[in-house]
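Dear colleague,

I am passing this structure on to you, with a short account of what was found in it. Please look through it first and then read the notes below.

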Amino acid sequence: MKQRNSQVNERTGCFAQSSTNTVTFFFEGKLIKAKSGDSVAAALLEAGELILRIDPSGSPRGVVCGIGVCWECRCIINDVPNTRACQTEVRPDMKVLRQREDL
Amino acid sequence: MKSQVVIVGAGPAGVMAAFEAVKYGCHVTLIDESPRIGGQIYRQAANGIAKRTNIVQKEQDRKKILMAAFEQISDRIDFLPEATAYAAFPGPELHVTQHNHSFVFQPKVLILATGVSEYTVPFSGWTLPGVMFAGGVQALMKEYGVCAGKQALVAGAGPLSIAVGAQLVEANAKVQAIALLNPLSDMTAKPFSLWAGRQMIREGFTYLKKLKRSGVPTLNRWRVIRAHGKDCLKAVTLGKMIRNGQAVPNTEKTIQCDLLAVNYGFSSNSELARMFGIEVVFNPEFGGWIPQLDVFGGTTAKGVLIAGDCGGVLGGVAAAARGSIAGATAAKKFCGKAVDQTTLTAAFAELKRHQLFQKAVRKTLHIPFEVYELLDPETHICRCEGVSLERLQQSIDEGHHTINAIKRNTRAGMGRCGGRVCLRSVAALLNEKRKLTEIEPMTARPVARPVTLGSIANQSNCEGQG
């Protein structure tokens, strides 16, 4: 546990702020540019992509609480469904899909 | 070594509790869902280039003090970031998941500093993308420098709206208006409280000045009636009301916007506390279902202390003070250390000021029931399970008169958010129909947050580790 801990601390340490690099990933097959360290939700909002999910009744849903509480921004990230966009850090070439719950 | 003190939540309360406990020589494990400490209020930038949202210097100073406190103790504690506490049992025993592993802690004392989540009154069209919680909009600015919209409207109740409005202006959004259910001047009904919270008032004026300079109008006693748009938010209709919540006829106006930042106060994240059987009292203006505490944060559950806004919303400064008190109490009462009284005295004085100030703030947080009556019957109240207002009212009329009964009948509150978004609205409906004196929350049971079966299967016991 201790070892894992220190790794995590190195990566996201309290005052350690990495320089900004651009990361690219895919949303619905479209190339999206993000800043490294961005969450998927932040990157998609910046790119003007607001609809992350279609609920069972067919209505569009997007980011609501932004802090991982409401689960409204759940989408399919690298084939894993029900992944919260606001709690997932963008990685290069990540594949993000809108979650269709109406189909 | 087995961790003597386990703290859930690394906001101001959790970090200060850890700081005090470590100061007296306790071994501490600090857990948080985020990758970085600070909680929601002192959220840190993810990539160091967040747009400027620091309008109030004092707020930045407080953040720096908290970061410095954490730096001092960071090599002496176990910090588990991106970790979620999902179950609690008397003992105390705490189950935590992190990166597809899970751990069981059996500390001498557990400090719950789980903070609050946001509450909003539902309105027609509130599920449209572009409608966001105001604190969430703020979090995206603080952490990623991302402004969630170009034309924003801020609405709701309480002082958060003016802070978020000013920060949106700073982030170059066009803020159309700030619509408040109760004018902030309602706070003047409690002049002694205002004096106690004069520092906070001063900071509030900094935000107001910024809004005024940018020509953002404040609409007092206006409420959101409807959000319009097909796929995304395009406009919001507001309506004027009088003090008791009654609508003023023919005052509706529609404002174009692509972002609605809405907040009607906060709700205590009391699920873990309730799993220990700690009694809660429903107090909407103080944060929903509030666990009952003594002055040291002690509860009726053995070895469980509560610190910060989870025990009633008093704000970030009070949370840090309550954290210090809980940390020192943990060291003294449960780990047998001698503690220094001077820090405690200062913390109690700070706490007292904010308790007094809260009496003024709560004047701005009152939500008249009439606000709920504006909803279309088919509006989803429980967003996770898609339960409409009509369905809930039918359920209450059929004789389901507790939150638990309504939940079993309609599934409201059964979804992924654990009822944190909708249950207070359900409580408001129930209260209006039945005029109850006391509304019990739904029974809290593990799991408190969605976790994967894989992470539970991949479990290790933390006894004998450190």
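**The interface and one cysteine**

Chain B and chain A bury about 4,100 Å² between them, with 57% of it on carbon and sulfur atoms; buried area is the accessible area (1.4 Å probe) that two parts lose on being put together, summed over both. On the chain B side, B:Asn47, B:Tyr144 and B:Arg416 lose the most area to chain A, together 14% of what that side buries.

This is a predicted model, in which local features need pLDDT of at least 70 and side-chain atom pairs count only at pLDDT 80 or more, while totals for chains, interfaces and linings use all residues. Residues are numbered from 1 along each chain as its sequence is written, chains are lettered from A in the order in which they are written, and side-chain values use heavy atoms, with hydrogens and water left out.

In terms of contact (heavy atoms within 4.5 Å), 53 residues of chain B meet 40 residues of chain A. One salt bridge is counted between the two chains, the term meaning a side-chain nitrogen of Lys or Arg within 4 Å of a carboxyl oxygen of Asp or Glu; B:Arg383 forms a salt bridge with A:Glu72, and their closest N and O atoms are 2.9 Å apart.

Within chain A, A:Cys73 is buried at a relative accessible area of 3%, where buried means under 20% (1.4 Å probe, protein chains only). The residues that A:Cys73 touches, leaving aside those up to four places away in sequence, include A:Leu52, A:Val63 and A:Cys86.

Best regards

Notes:
Buried < 20%, exposed > 50% of the residue type's maximum accessible area, 1.4 Å probe, protein only.
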